[in-house]
Amino acid sequence: MSDAAYTVVGCTIGSRDQVIAKSNMLFCITPPVADFGRLRDKCLVSWVGRLTEDGKAIVTKAAVAGVMLIDVTAVPRITIAQQMDCLSSQAKCAGHRAVIEAAHNFQRFTGAEMTAAGKYPPSNCFVLGCGVAGLEAIGKSKALGCAVSAWDVRDVSDQVQSMGAKWVKVDFKEDGAGQGGYAKESSEAFKNAQQATFLKQLKEVDIAICTAAIPGRRSPLLITKEAVAEMKPGSVIVDLAAQGGGNCELTKQGEVYVTPNKIIIIGYTDMPARMATQASAMFGQNMVNMLRYIHAKEGSKALLANINKHLAAGAPDGDIISRSIVCCKGGNKIEMPPPPQPTPPKPKTEAPAAAKKEPPSPAKQAMGSAVILSCAVLFGLLMGEGTQASLLTTFLLAGAAGYQAVWGVAHALHTPLMSVTNAISGMTAVGGLLLLADAEAAPAKGLAAAAIVISSINIIGGFVVSQRMLNLFRRPGMSDYSVFMFIPGLILCFAALTHPELISTVSTISSLLCVAAIGGLASMSTADAGCKFGMVGVLGAVTSCCMTLSPAVLSIALVLMAIGGSVGLVVGVKVSPMALPQTVAAFHSLVGAAATCTSIGSFYKNPVAGANMENIAAIFGDIIGAITLTGSIVAFGKLNGNLSSKALNLPGKNILNLSMLTACIVIGTLFCTQGKGDLGISYLLILAAIASVMGYHLVASVGGGDMPVCVTVLNSYSGWALVAEGFLLKSPVLTVVGSLIGCSGAILTKIMCDAMNRDIFNVIFGGMNVAAPSKKAGDEAPKIHVETSVANTAELMASAKEVLIVPGYGMAVARAQGSVGEIASACREAGITVKFGIHPVAGRMPGQMNVLLAEAGVPHEWVLEMDEVNPEMEKIDVVLVVGANDITNSAAQEVEGCSIWGMPVIEVWRSKKVIFCKRSMAGGYADLENPVFFKENTEMLLGDAKKTADQLAANLRQRLEKVQ
C-alpha cells in the first residue's frame, strides 16, 4: 500500500516519533519494547502472547513503564468473540499457505491426472491436528485433488468426514479437549499408541502437515525421526508448530531442511506473512471488529472509558473479552480470567425408540368393526328404497373393486393413476348425451350441450396427458405393444354399431375395462396396457350411448364432442410435466361443472317435487359437482402460483362450513317437498351457489403443504359426482365408473394422509383443526449456515461411495431434472452407488417427481421410496437435496406444533453430509424454516437449480475422468 492510499481514506502520514507522541492508542504487530518508556499512559494493542514465557516478560516491562497493554492473541474462544479472533484468522492463512508450500516443494501432481504419458493417482496428504489451520489445510488439499486423511486428539471425525477426508483413529481412548477450545497435552500411553498409528500412515503419504500447538507450552512431538526415515523419498512435511519446537523431531525453526533420505521438512514460522496482503486484511478487520465491540453504540470516544468500566466491574459482571485482552494498566498487571469451557460435543445417540402402543382390545376391535359394518348395511338398505337393484349392485361391487385395485398401484404411478381416473370420469359425457336425447326445454338442452363439451375436453385431454406421462417411464429402445389393446375396443364399437341388442352388454364390458385400467397401473410393466384399457372402456361406453340417440341428436352430439375433444387434445399435448398437478386439478373442475349441469338439466326435463331417487341424486350431483368445480379452481390457483399457498383462516370458519352445510340440507329438503317447476330450478341454483362457496372455502382453508392431499380428495369428489349422475339417469355404467373413481380417490387420499401424518377429516373439512404454529424460546436467535461451491460439491460426490439425491418441486420449476439425471449417470458410470429418495407427496401431486425423473431418463430401479431410504441414511456419504424443503424438514420431528409437525420426512440430516441446492434460504411451500440448514453436517449450494446442476454435472464428470 502506498502512502497516498492511506491519505485518500483520511489518514495522516507522520514519522514514527510523531505518531507515538500524538496518539492515545497505538497498534503494532510486534510489541515495541524499546519504546515502552515513551508510551506511558498510552494504550498499546499488539501481538503479545501473554501465556508464553516471552509474552509474560513483555507484560512485566509494560507494567513497569505504565503502558496499558492489550494482547490481541488473548481473545477468548467464545461465539461472540469469533469476529475478532486474529489467532483463527492468521491460522487460516497459515493452513492455506502450508498447502501451497507443500505443493511447491512436492514438485509432482497433487490431483489425479490422465495424460498421454499415462494415469497418475492423486497424492496422499495427512493432516495432523484439526484446528482452524488443520481444517483449512484439509479443504485446500482437497481442492487441489489430494486424497486427504486427518487426525486430532479430539474426536472431530464428523467434521473431517464432512469435508471429504478420511479420519485416522488412534486405538486408545482419551479425551483430548482442553481449555479455551485448544487440545490438551496427551498422556505417555496415548503418545505411544499414536506413534504406532502415525508410522503406519506416514509410510504411505506424500505430504504431511502438522498443526498441533498448545499456547505457552512446547509443541507435542508427533513425527519422530524414525517415522521420517520410513517415509517415501521426495515426501514433504510442513510443520506449522515450528515456533514451539515443532511437531516433527527433525524440524529446524525457520528453515527448509532436507533429510538424508530426501524428505523435505519445512519449518517456516512466518506462514501468514508469506501471503501478507490477505493476512493483513484479515488482521485489520479483526481489529476493527474488536474496537467496535468495545465502544459499542457510544462510538470511538467511549472506547477507553468502556475498557475501564469493564475492568472495574470485574468478574462476573465485567466483559470477559476486555478482561482477557488487557494485560496491564496503570502500572499493575491484570490477571487473565480462566478461559471459558467449550461447549461439549453433542453425544451421538440413537434415535429414541417409538413408544410401544398397547395392542387394542379384541372386544373393542370387534365392536368397532360391527358398528362400521352396521352403518354400511343401513346405508345400503336406505339406498335400496326406490333404487333399481341393478344400479345398487353395480355401485357396491364397483366400489369394492376400486378399493382393492388402488391399494396395489405403485407410488411412482400415483400421478398417472389420478390422470387416468380423471379422464375416465369424463364419462359425464354419457350423462350429457342421455340428457340431450330426452330434454325438451331449451335450458336443459343447453346444459346438456355444456356437459358434453366439458366432458369431451376431460376425456381427450386426460388420456393424452396420461399416455405422455407413461411414455416417460419407458426406457430407450423399449417397444410398446399395448396398442394392440385397441383391438378389443374396435370389437366393442363394431358390436354396438351393428347389433343394437348388445348395447347393454357393451356398456357392462366397458365398465369392467375401466376397473381393469386401475388394476393395470399396479406396475410399470402393465401401466401402458392399463391406460389403453381405460381408453377402450370410455370409447365403448360413449359409442353404446351414441347408438341410442336419434340421427339428429347424434349429429349435434358428434359436433359437440369434436369441439371439446379438439380443445382437450391441444391442452393435453402442450402441458408440460411440471404443470401436471394444476392440469389434473383443472380437469377435476370440468367433471364438477359437467355433473352440476347434468343435475340441473335433468330436473328441467322432469320438474316434479318429491323425495324420489332422481331428485335426491340431483341434489347430491348438484352439491358435489359445485364443490368439485370451485374447489378444483382454487387448487389450480394455488398449485399454479396464482393464489397464495397460505391457508385462509377466517374467524369462525368451522361455524361457517357448518352453516353452509345446514343451508344445503334445509334447501335440499325444501326442494324435495316443494320444488315444483321453476321453484325447484331456483332451489337447485341456490344449492349450486352455496356449494360453490363451500368448495372455495374448504380448499382455500387448506395450507399449501397439504395441497397434494386436496387434489386426491377432489379426485374422489369427481367420482361421487359421477355416481350421483348415474343414479339420476339410471345409468349402470356411470354408477360403476363413479363408484370406482370415488373409492379409489378416497383410498389414495388415505394413503397420502398417512404419508403426511394428516387427519383425513381435517383435510376434507378445510383445515378445521389448524392452529397457529407454536413458537419456542430462542426462535429469534440468529442462525449460522455454511455455504459451499460447485467445485467442492463435485469433489465431495466424487469421493463418496454412496450418494442419495432427493428431488423436490424446486427441481421441477427450474427444469433441472435432465441435469440431475446426468449427475446420477456420471456417478453410476464411475462406480458410485446413486439412489433417488422420493417422498410420497414430493412436488405438488403424488408421484410427480417420478414422472419428471422418468422424463430425464432416470431408470425407475434407481428411484426408491422414503420408507426404503430412511433406514439406510447413516450409510449415505452425501445427500444432494435439489429444490426440496418441506419433505426434508426436521421441524416435523423437532418443532412441536409447527404446520408439518408429525409429518414423515426424508431424514437427510442423519447422513454423513447434506448439500442443499436451492435458490435461497427461504422456507418451502409450507412457509416454514428448515432447521437442517443450520446443522453441522449441512452446506448450502445456493443458486438457480438448473444452472447449478449443469455446472455440477460438468465439474463432476471432469473430476471423475481424472481418476478413471
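Tyrosine 481 counts as exposed, with a relative accessibility of 55% (exposed means over 50% relative accessible area, buried under 20% and partly exposed in between, with a 1.4 Å probe and protein chains only). The model is a predicted one, in which local features need pLDDT of at least 70 and side-chain atom pairs count only at pLDDT 80 or more, while totals for chains, interfaces and linings use all residues. Residues are numbered from 1 along each chain as its sequence is written, and side-chain values use heavy atoms, with hydrogens and water left out.

Tyrosine 481 sits in the loop between α16 (442–472) and α17 (486–498). Together with Val483, Phe484, Ile487 and Ile491, Tyr481 makes a nonpolar surface patch of about 540 Å². Such patches consist of residues with over 30% relative accessible area and no salt bridge, nonpolar side chains (Val, Leu, Ile, Met, Phe, Trp, Tyr) being joined within 5 Å and like charges within 9 Å; a salt bridge is a side-chain nitrogen of Lys or Arg within 4 Å of a carboxyl oxygen of Asp or Glu.

Turning to the whole chain, the protein has 34 helices and 20 strands, taken as DSSP runs numbered from the N terminus (helices H or I, at least four residues; strands E, at least two). Of the 964 residues, 52% are buried. The accessible surface is about 43,000 Å², and carbon and sulfur atoms account for 61% of it (Shrake-Rupley method, 1.4 Å probe; for residues, only the protein chains shown count as cover). Among contacts between residues at least 6 apart in sequence, 74% join residues at least 24 apart, a contact meaning heavy atoms within 4.5 Å.

Seven strands form an open sheet with mixed pairing, in the order β8-β7-β6-β9-β10-β12-β11. Its edge strands, β8 (166–167) and β11 (256–258), each pair on one side only; two strands pair if DSSP finds at least two bridges between them. Parallel pairing over two bridges links β7 (residues 147–151) to β8, and serine 149 stands opposite lysine 166 in β8.

Leaving aside residues up to four places away in sequence, asparagine 937 touches Trp909, Ser911, Lys912, Lys913 and Val914.
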